[in-house]
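These are my notebook entries on a single protein model. I set down below what I looked up, in the order in which I looked.

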Amino acid sequence: MAAVAHTSWLTPVLRRLPAPLLAKLDAWSYRIAMQRAQRRREAGLRRAQLAAQQRSGT
């Protein structure tokens, strides 16, 4: 489940975090974004393969 936070209060909170913690959060966020992008690419490839199979009649 995704947590939704309004930026009006989240930004000041993040600015007060110590740099090492903020760096860890940035790394975590980047890793999650890359995993999601990879899943989207894989899903797109699966859809393309399925469409090609359906067009070829197999």
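Entry 1. In which helix does W28 lie? I located W28 in helix α2. I note at the outset that the model is predicted.

Entry 2. I then examined helix α2 itself. It comprises 38 residues, and I read a span of 55 Å from its first C-alpha to its last, close to the 56 Å expected at 1.5 Å a residue. After α2 I found G57, which has a positive phi, near 85°.

Entry 3. I next looked up the largest pocket, for which I record a volume of about 290 Å³. Its lining consists of L10, L14, L22, L25, D26, W28, S29, I32, A33 and R36. Two elements, α1 (7-15) and α2 (19-56), each give two or more residues to this lining. The greatest contribution is that of α2, with eight residues. By class, I list seven nonpolar lining residues, one polar and two charged.

Entry 4. Which residues make the nonpolar patch of about 350 Å²? I identified L14, L21, L25 and W28. Here too I found that α2 gives the most, with three residues.

Methods
Residues numbered from 1 in each chain as written. Predicted model: local features only at pLDDT ≥ 70, side-chain atom pairs only at ≥ 80, totals over all residues. Heavy atoms only, no water. 1 Å grid on protein atoms, 1.4 Å probe; cavity = no way out; pocket = protein on both sides within 12 Å on 5 of 7 lines; lining within 4 Å. Points joined across faces, edges and corners; volume = space filled by probe spheres on them. Helix = DSSP H or I, 4+ residues; strand = E, 2+ residues; numbered from the N terminus. Nonpolar A, V, L, I, M, F, W, Y, C, P; charged D, E, K, R; others polar. Expected span 1.5 Å × (residues − 1). Patch = residues over 30% accessible without salt bridge, like charges linked within 9 Å, V, L, I, M, F, W, Y side chains within 5 Å. Areas by Shrake-Rupley, 256 points an atom, 1.4 Å probe, with all protein chains shown as cover. Salt bridge = Lys/Arg side-chain N within 4 Å of Asp/Glu carboxyl O.
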